[in-house]
Amino acid sequence: MSARLELIPLEGFPEVAPGDDLATLIHASLEHNGLQLQAGDVLVLAQKIVSKAENRYRRLAEVEPGERACELARQADKDPRLVELILRESREVLRVRKGVIIVEHREGYVHANAGIDRSNIQNDSADPRVLLLPQDCNASAARLREALGARCGIAPQIIINDSSGRAWRVGTVGLALGCAGLDPLFNQIGDCDRFGNRLEVTEPAVADELAAAASLVQGQAAEGLPVVLARGARLRPATGDARALLRPREQDMFR
């Protein structure tokens, strides 16, 4: 692993609209920032720009809430149309309280409100819309990696990140919803520490760690820095994806 890590935001990144080619935008932004991809580089993208490019917008006026959505909306004090979208994007509702619905997203990760958001999108109060998570973050990451490899001559490792709360601590951190070209876990089980003790459970979630580090640079408000080039991470190449980070249900002690 790396002893030195650089996190370089792509400044001046344009607003992303449905149908935009992210590979083209990133390639142009790299050139604008005087950067060229190097072997081992990782690009961390905010989920929101992937969702925008894939037109994952939904107008609430077009959503007809069902009985279950109306019931949960009363419990959570939320718009029933938004709750209907949350249910459509979820496998299971895990917890409900005023202001939040915790679900298992259809892609397997546990997320508040199925990751559906209104922040950092243009909106009309008379015709509100929301933005859903990408249809398949891992597939999006793989497509982007291939396209950038064709344009730049080097295929960077890709992480798509989003902010998420944690069960035991206050605040949000970035985590990897999708990745391509890297092993999201660094399995050190069987290795020895500095004193010769054999490691039995050590398996850092390096994709999540890098997603969180990049999130610190990206910011959460008006920073406008959705893409971060991480250089020096030296993550192991692999053909897997972020599904490796999902704890199997039978090992989940908190459900």
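User: What makes Gln36, Pro156, Gln157, Leu229, Ala230 and Arg231 count as residues that aspartate 41 touches?

Analyst: Contact means heavy atoms within 4.5 Å. Aspartate 41 meets that criterion with Gln36, Pro156, Gln157, Leu229, Ala230 and Arg231, where residues up to four places away in sequence are not counted. Aspartate 41 itself is located in the loop between α1 and β2; helices (H or I, at least four residues) and strands (E, at least two) are DSSP runs, numbered from the N terminus. This is a predicted model, in which local features need pLDDT of at least 70 and side-chain atom pairs count only at pLDDT 80 or more, while totals for chains, interfaces and linings use all residues. Residues are numbered from 1 along each chain as its sequence is written, and side-chain values use heavy atoms, with hydrogens and water left out.

User: Why is aspartate 41 called buried?

Analyst: Buried means under 20% relative accessible area, exposed over 50%, and partly exposed in between (1.4 Å probe, protein chains only). Aspartate 41 has a relative accessibility of 2%, and therefore counts as buried.

User: What makes the pairing of aspartate 41 with arginine 231 a polar contact?

Analyst: A polar contact is a pair of N or O atoms within 3.5 Å; within protein, one must be able to donate a hydrogen and the other to accept it, and residues adjacent in sequence count only if both atoms are side-chain atoms. The side chains of aspartate 41 and arginine 231 make such a contact at 2.7 Å.

User: How do you know that the buried residues of α1 line one face of the helix?

Analyst: In α1 (residues 22-32), the buried residues are Leu22, Ala23, Leu25, Ile26, Ser29 and Leu30. Viewed down the axis of α1, these residues fall within an arc of 160°, so they line one face; the arc is that of the directions from the helix axis to the C-beta atoms. On the other side of α1, Glu31 and His32 are exposed. The cover over the buried residues of α1 includes β2 (42-46), α2 (47-53), α5 (137-152) and β10.

User: What caps the N-terminal end of α1?

Analyst: Aspartate 21 does, with a side-chain oxygen 3.0 Å from the backbone nitrogen of alanine 23.

User: Why is the pair of glutamate 15 and lysine 52 called a salt bridge?

Analyst: A salt bridge is a side-chain nitrogen of Lys or Arg within 4 Å of a carboxyl oxygen of Asp or Glu. For glutamate 15 and lysine 52 the N to O distance is 2.7 Å. Glutamate 15 lies in the loop between β1 (6-9) and α1, and lysine 52 in helix α2, so the pair ties together parts that are 37 residues apart in sequence. Glutamate 15 counts as exposed because its relative accessibility is 56%, whereas lysine 52, at 5%, counts as buried. A search of the whole structure finds 18 salt bridges.

User: What makes Arg56, Glu89, Arg106 and Glu107 one network?

Analyst: Glutamate 89 forms a salt bridge with arginine 56, with the closest N and O atoms 3.2 Å apart. Arginine 106 also forms a salt bridge with glutamate 89, again with the closest N and O atoms 3.2 Å apart. Salt bridges that share partners join Arg56, Glu89, Arg106 and Glu107 into one network. Glutamate 89, at 8% relative accessibility, counts as buried; arginine 56 is buried at 6%, and arginine 106 is buried at 18%.
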